[in-house]
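Thanks for asking me to look this one over. My notes are below, point by point.

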Amino acid sequence: MPLEALNDFVVKFANVNGSGSASTNGMFAKAILRMGVPVAARNIFPSNIQGLPTWFEVRITEAGHLGRRGGVDLMVAMNPQTWDRDVAEIEAGGYLFYDSTKPLPPSKFREDITVLGVPLTAMCNAAYQLPRERQLFKNIIYVGALAALLDIEIGVIETLLSEQFAGKERLIKANVAALHMGRDYVAEHLSPLRLRVRRADKVGDRIYVEGNAAAALGAVYGGATVCAWYPITPSTSLAEAFTGYCEDLRIEPRTDKARYAIVQAEDEIASIGIVIGAGWNGARAFTATSGPGISLMTEFIGLSYFAEIPAVIFDVQRGGPSTGMPTRTQQADLLAAAYSGHGDSKHPLLLPADPGECFEMGSLAFDLADRLQTTIFVMLDLDIGMNEWLTKPFEWDDSRKLDRGKVMTYDDLEAGRDFGRYLEVDGDGIPYRTYPGTHPTKGGYFTRGTSRNPYARYSEEGSVYVGNMERLLRKFDTARGLVPAPIRRDAKRATRDGVIFFGSSTPAVHEALDALEHRGLHLDALRVRAYPFPDEVFAFVAAHDRIFVIEQNRDGQLRTLLINEGDIDPSRLTAVLHYDGTPITARFISSAVEALMTDRRQVPEAAE
Amino acid sequence: MTYITKPQLHHPKLAENALGYTRRDYEGSVSTLCAGCGHDSISAAIIQACYELDLPPHRIAKLSGIGCSSKTPDYFLGNSHGFNTVHGRMPSVLTGANLANRDLIYLGVSGDGDSASIGLGQFAHSIRRGVNMLYIVENNGVYGLTKGQFSATSDKGSKSKKGVINHDAGIDLVSLALQMGATFVARSFSGDKAQLVPLIKAALSHRGAAFIDCVSPCVQFNNHAGSTKSYDYVREHNEAVNRMDLIPHRDAITVDYAPGETVPVTQHDGSVLQLHKLAAHYDPSDRIGALAYLQSRQALGEIVTGLLFLDPEARDLHENLGTVSAPLNTLTERELTPGAAALAKLNASLR
């Protein structure tokens with residue numbers, strides 16, 4: 001039986017990189033969104049400019065499940081290199097859409113799927129002369145064909161085309177013609193599928209945006225003025241988005257001068273060096289990078305911890321170690337970031353789950369960095385950073401002030417306030433600082449990465465060193481109360497089982513929890529949003545006998561961090577790990593957790 | 001990096017500069033370098049230059065990397081903020097500090113290990129960006145703090161204290177700075193204060209990337225026969241191409257030299273460099289000529305000193321980036337946060 005579904009199915013496009021498919025496929029997704037039906041689209045691309053395989057997965061989900069489901073209902077197979085595995089991935093009863101210009105032997109197909117051939121190449125060759133036109137219009141033709149097959153309103157796509165090519169009438173006309181070519185072919189030769197899209201009202205006022213862009217906008221609203229960066233996938237578009245937003249929003253009226261400074265540095269070491277220099281001198285500064293960049297920045301991050309200099313690092317995580325899988329997603333920098341630097345050091349991490357939180361935490365990070373005088377990490381990943389997600393609209397309270405933390409001014413110094421750069425004053429571990437150039441005779445100090453006394457004078461005295469290190473721990477404890485609290489979701493029934501997770505896994509975990517509940521398996525859930533872990537995290541652990549820690553890395557890094565920081569018995573935390581480089585799916589989570597919960601051998605005795 | 005503060009007693013009649021500061025107001029902690037170290041002479045020259053220029057000490061930010069030379073910012077300008085950063089990375093930290101507040105004067109102090117080995121990349125890139133700073137390398141050709149290893153500026157064929165001959169080519173930071181686009185390039189000698197102080201004054205008045213390579217003998221590890229960075233060697237092979245006086249813009253210009261030998265050069269801030277030629281045909285406005293001259297003299301074993309290149313019309317990084325005139329670190333939410341209305345528009349464009 002062919003699959004039947006309304007506003008709830010998965011379409012996957014298999015393309016060749018560099019063929020212009022990503023923007024066309026993105027338009028396909030956006031058309032459905034404009035019909036009021038939520039979508040979750042993910043670009044799965046290679047480290048390559050042209051020629052290697054690339055996929056684009058669009059989940060149509062009226063119910064609003066924005067994580068990956070797992071499985072494919074309709075494969076749009078446009079890449080002969082990956083044909084066999086693409087055909088194999090289709091669900092039983094699913095559909096295969098392909099370019100039928102060249103006949104393929106029956107062995108290339110499957111009995112249990114519906115095959116839809118459209119002679120795209122032949123149609124293009126007949127209609128267009130230029131090779132690039134043949135390629136680009138082929139993409140639009142298949143979108144037209146799919147619209148007819150899936151009942152997508154053609155007028156919505158026409159509107160999107162006219163928005164995309166605004167002011168270029170000739171291009172709009174040509175694209176609309178190609179769109180109609182595909183639609184008309186289907187009307188003449190094929191019939192609509194049992195997978196259908198129908199206009200709904202489930203998108204609401206949500207926006208559709210990449211996490212990198214959202215984080216960059218957060219940096220603008222958070223008052224960042226200095227950005228230093230080095231190109232690295234998947235973080236590059238964050239710095240580029242910051243540049244674009246600044247050009248729009250941060251120009252001084254009348255003079256047309258920039259209220260920001262952006263430097264593309266020679267490497268990641270210089271990037272963080274510039275950030276720390278700017279932070280030392282009282283500007284809000286950040287860099288955007290990925291795992292290999294964190295490795296290079298380690299020495300400076302340690303300096304920022306010990307010399308207490310504000311800095312913000314957006315780490316858009318990718319597959320590691322080493323160069324790893326540069327265009328695939330993982331959550332595998334947690335430990336490297338949390339404990340970055342030699343000697344005893346630790347750094348707060350913010351863990352956004354979607355672009356909305358990338359914006360919020362992107363601006364909050366600068367307040368925290370100034371307040372805590374240390375490096376704050378915002379841990380995105382490729383899935384959130386480089387894919388457009390449906391997310392709640394950005395919000396800003398105009399009465400909000402930037403929290404510049406404890407800074408002594410000229411007037412404070414003039415009034416005779418005692419200034420010790422590393423002096424504990426308020427019992428929260430946070431000392432006061434002065435900006436360079438504040439006062440002719442007071443408040444000057446020498447910053448160094450070597451040990452010094454509370455008045456910033458060089459000292460190798462053991463007790464002085466220990467006193468300072470203990471104060472830094474108190475400061476870290478202060479951070480625990482300032483970072484975003486975890487979000488708890490309780491099962492419908494009282495249970496001693498729980499899950500802990502974070503970041504981009506969130507929508508897939510929620511969907512999996514619903515599925516597990518249907519199967520009679522009830523779990524309380526806690527989404528961790530920051531490190532150092534607030535007390536609620538350990539209260540949740542204490543309140544459950546068996547906890548599954550779901551994350552996208554091999555070694556269970558969140559689990560390790562929880563065990564280490566909370567002194568938790570490791571046997572109480574079971575790792576559920578997905579780290580093949582593709583975003584985690586709801587099906588993976590529900591089946592892994594179900595297997596672990598129902599396998600008696602792995603279930604520890606529940607203490608009542 | 002001393003914990004000894006200098007006694008504040010001084011002669012009641014010490015001369016004050018235009019700001020009412022004495023020379024002592026530009027001093028720092030007691031140096032912990034070896035007696036006779038060239039670096040201490042450079043610190044003294046910096047103190048003298050800032051005093052003579054009437055600079056408010058707290059408006060100077062002094063940054064350094066790691067090494068003997070990088071310790072020295074503790075020994076001058078005690079009321080200034082200083083930052084002893086990480087090895088070889090002072091240039092990036094200085095760049096960031098400069099971006100945050102364009103109104104301070106930035107003095108980067110580094111050594112040959114810090115700038116020619118671990119930090120060669122950051123040295124080059126900070127200069128090619130035109131960061132408005134004075135970058136001084138206190139160049140002794142040796143690793144002092146780790147006791148006597150060759151540095152990358154050691155000349156090929158020179159001999160270490162232990163008798164080892166250096167077989168690697170030496171890096172000439174002056175040539176590199178010229179190639180990277182530095183707009184003020186000079187070389188001097190820690191033992192020649194009469195030459196060094198005016199160079200520091202002119203470099204501090206320059207807007208753009210100013211670089212001074214200051215040969216500074218290491219009395220402990222590189223002051224023996226066979227070294228090309230010893231006091232004796234440098235004195236014997238020093239070829240000064242010019243002598244210079246810096247005249248602040250408010251002072252009347254007086255010419256001490258015979259006409260035809262002295263070239264006045266006006267800088268951005270109105271100060272005038274009176275450049276007295278010693279080498280007849282040397283032209284410090286010719287970057288390519290300077291490079292060629294340096295190479296030819298170096299081949300003869302001579303150390304060319306003086307003002308080697310100057311572009312008085314230089315642009316700096318802030319100019320290239322088009323930043324506002326107010327220091328970025330003084331901007332508040334009013335200038336920086338676009339507000340809820342702008343966000344509502346952005347939201348609308350993302351649907």
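The points that follow cover the contact between the chains and then the nonpolar cores.

1. A reminder before you start: this is a predicted model. Please read each point below with that in mind.

2. Let's begin where the chains meet. On chain A, 55 residues are in contact with 50 residues of chain B. Several elements of chain A give two or more residues to this side, among them β9 (207-210), α7 (211-221), β10 (226-229) and α10 (291-307). Helix α9(A) supplies the largest share, with 9 residues.

3. What is the make-up by class of the side of chain A that touches chain B? There are 32 nonpolar residues, together with 14 polar and 9 charged ones.

4. A strand pairing also links the two chains. β17(A) runs parallel to strand β2 (residues 81-84) of chain B, and 3 bridges join the pair. Have a look at A:R448, which stands opposite B:N84 in β2(B).

5. Now to the interior. In soluble globular proteins, nonpolar side chains tend to be buried together. Here the largest nonpolar core holds 263 residues, and A:V76, A:V226, A:L350 and A:V378 touch the most other members. Helix α4 (residues 131-150) of chain A gives the most to this core, 12 residues.

6. Leaving aside residues up to four places away in sequence, A:V378 touches A:A215, A:V312, A:F314, A:L350, A:P352, A:M361, A:G362 and A:A365.

7. Finally, another core of 5 residues lies apart from the largest one, and its members include B:V142, B:F150, B:C218 and B:F221.

Notes: Residues numbered from 1 in each chain as written. Chains lettered and ligands numbered in written order. Predicted model: local features only at pLDDT ≥ 70, side-chain atom pairs only at ≥ 80, totals over all residues. Contact = placed C-beta atoms within 7 Å. Helix = DSSP H or I, 4+ residues; strand = E, 2+ residues; numbered from the N terminus. Nonpolar A, V, L, I, M, F, W, Y, C, P; charged D, E, K, R; others polar. Pairing = 2+ DSSP bridges. Core = buried A, V, L, I, M, F, W, Y, C linked by C-beta atoms within 7 Å. Buried ≥ 20, exposed ≤ 12 C-beta atoms within 10 Å, placed from the backbone.
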